[in-house]
Every structure is written in C-alpha cells, then in structure tokens.
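Dear colleague,

I am passing on the structure we spoke about, together with notes on what was found in it. Please read the notes with the coordinates open beside you.

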Amino acid sequence: MNLLFLGPPGSGKDTQAEKLAQNTGAKVVSTGQVLREEIAKGNPTALKAQTYMQQGKWVPDDQVYAILAEYLQTQPDTNFIFTGAVRRVTQIELLDQALQKTGKQLDKVLYFDLADDEVMRRITGRWFCPQDKRMYNLNYPEITPKNMGICDVCGTKLEQREDDKPEVVKQRLQEVRVNDAEILAEYDRRGLLVKVDAAPPIAQVAEKVLLLIANHG
Ligand code: AMP
C-alpha cells in the first residue's frame with residue numbers, strides 16, 4: 001500500500017508518517033528530506049533546487065520529480081508513505097508516473113488539517129539534530145529535548161532550519177493554502193482522500209491514522 005500524507009507545514013505529517021512506518025514496515029519518503037540529502041551529496045539537479053529552498057520557494061516540478069523518480073527506482077520492492085511530494089496540482093500526475101515506473105500506484109491520501117495560527121506556533125518551535133535528523137518541538141512536551149538545545153540521543157547541538165524562520169514560514173503557508181484546495185478536490189474526486197484533524201496530541205492523531213488505514217483497507 002502506497003500512501004500520500006498532505007497538510008500544511010507543522011501539521012505533523014512527517015511525525016505521523018514515521019509512526020505509521022514503524023507499524024507497517026513501509027518507508028517514509030519526505031521530498032524535502034530527499035532533496036536535502038541529495039544536496040549534501042552534491043547532486044547537480046538538487047544543487048539547482050537549493051536556491052529555491054533557501055528562499056522558502058517551491059522547487060520546479062521537473063527538478064523535484066527527476067530526483068524523486070530516480071530515488072524510487074532504487075527501491076522497487078518497498079511500500080512508501082510520501083510526505084510533501086504533492087504541493088502543486090501538476091505534481092499529482094508526476095507522482096503517478098514516478099510510481100508507475102516501478103509498477104506501483106497511490107492507494108490513499110491523508111490530509112492533516114490545521115489552522116494557520118497553530119501552524120505558525122508549531123513551526124517556530126521546531127528544531128532538529130543535524131547528526132541523526134531527529135525532530136524536536138519546544139511547544140510539545142512529548143518531543144521537547146530533555147536538555148535544552150541538545151539532541152537526546154547523540155548529544156549534538158540542535159539547529160533550526162532556515163525555512164522554519166517566521167518570515168519564510170508565512171510565505172510557505174500562503175502558497176500551501178492556494179494550492180491545497182485544488183489538490184484536495186482532485187484526490188477527493190478520485191475517491192482517495194481522507195481528512196484527519198491534526199490539532200490533537202501526536203499519539204491521538206496516530207491512533208486515528210491507524211484506524212483510518214485499517215477501515216479503508
Ligand atoms: P519540507 O522539508 O517538506 O518542508 O521541504 C523543504 C523544501 O523542499 C520546500 O520548502 C521546497 O522548497 C522543497 N520541496 C520539497 N518537496 C517539494 C515539492 N513536492 N515540490 C516543490 N518543492 C518541494
């Protein structure tokens with residue numbers, strides 16, 4: 001089963017994808033994370049994409065999907081949970097094509113619904129470990145680091161992503177809202193869309209996700 005998780009930045013879709021992956025054995029593919037890894041490797045297409053990312057803008061479709069399609073082909077037997085892979089309506093078709101190349105299809109789309117003010121509050125509290133990529137959030141007791149500013153697991157100094165700073169977040173959110181309506185309408189038309197309230201605590205949302213996946217087969 002291949003799933004797509006949608007939602008504004010900070011809606012918890014990456015955290016939920018990781019939890020579900022632990023329960024199902026699927027692999028999480030965050031396009032933002034794949035892009036950052038490819039940038040670190042010096043992939044020339046990803047280096048072009050980096051300019052957009054640093055400005056809080058979306059990377060052009062052809063660049064994102066050249067990288068994503070290549071990545072998927074290296075793991076033909078894996079079930080995926082995609083996060084952030086469809087941000088413009090044009091990417092619906094591109095994700096289908098990338099999946100088809102390895103004989104797969106998208107089975108369900110979960111939309112993690114969250115209001116703007118809560119999005120801002122969550123994102124500006126977000127920190128990560130540059131060493132093991134673990135995410136923390138100062139606004140959420142269950143994922144606040146035990147020692148302020150330090151990774152619980154490896155002790156590395158935590159960092160804030162350039163694109164999690166308030167001005168950049170506002171711009172990202174504006175783009176998200178404009179595009180989401182169109183994307184959701186299309187997945188709804190296809191009968192793939194399920195909406196999830198992303199406001200409750202992480203564990204509660206995770207339970208709901210498991211139920212939805214089970215109920216929708
Ligand atoms: P994220 O880690 O999901 O917040 O993504 C970080 C950045 O990667 C975004 O702000 C975009 O610049 C870029 N990005 C990730 N996924 C996509 C996508 N599907 N389309 C365009 N840009 C993307």
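In what follows, a residue is called buried when its relative accessible area is under 20%, exposed when it is over 50%, and partly exposed in between, computed with a 1.4 Å probe on protein chains only. Please keep in mind that this is a predicted model, in which local features need pLDDT of at least 70 and side-chain atom pairs count only at pLDDT 80 or more, while totals for chains, interfaces and linings use all residues. Residues are numbered from 1 along each chain as its sequence is written, and side-chain values use heavy atoms, with hydrogens and water left out. Helices (H or I, at least four residues) and strands (E, at least two) are DSSP runs, numbered from the N terminus.

Salt bridges

A salt bridge here is a side-chain nitrogen of Lys or Arg within 4 Å of a carboxyl oxygen of Asp or Glu, and a search of the whole structure finds 14 of them. In helix H7, which covers residues 166-189, Lys170 and Glu167 lie 3 residues apart, about one turn of the helix, and their side chains form a salt bridge with an N to O distance of 3.8 Å. Glu167 counts as exposed at 58% relative accessibility, whereas Lys170, at 47%, counts as partly exposed. Salt bridges that share partners also join Asp96, Glu186, Arg189 and Arg190 into one network.

Asp132 is bridged to Arg134, with the closest N and O atoms 3.9 Å apart; Asp132 is partly exposed at 29%, and Arg134 is partly exposed at 41%. Asp152 and Lys146 meet at 3.7 Å, N to O, with Asp152 partly exposed at 34% and Lys146 exposed at 71%.

Which side chain of opposite charge is nearest to Asp180, a buried residue with no salt bridge? The nearest one is that of Arg177, 4.8 Å away, where Lys and Arg count as positive and Asp and Glu as negative, with His and the chain ends not counted. Asp180, which also belongs to helix H7, does make a polar contact through its side chain with the side chain of Tyr111, at 3.2 Å. By polar contact I mean a pair of N or O atoms within 3.5 Å, of which, within protein, one must be able to donate a hydrogen and the other to accept it, and residues adjacent in sequence count only if both atoms are side-chain atoms.

Helix H3

In H3 (residues 44-54), Ala46, Ala49 and Met53 are buried. Seen along the axis of H3, the buried residues fall within an arc of 60 degrees, so they too line one face of the helix. They pack against helix H2 (31-41) and helix H4 (61-73), while the face of H3 turned away from them carries the exposed residues Pro44, Lys48 and Gln54. At the N-terminal end, Asn43 caps the helix, with a side-chain oxygen 2.9 Å from the backbone nitrogen of Thr45, and after H3 comes Gly56, whose phi is positive, near 75 degrees.

A residue in strand S2

Finally, Ser30 is found in strand S2 (residues 27-30) and counts as buried at 14% relative accessibility. Leaving aside neighbours within four places in sequence, Ser30 is in contact with Asp14 and Thr83.

Technical notes. The arc is that of the directions from the helix axis to the C-beta atoms. Contact means heavy atoms within 4.5 Å.
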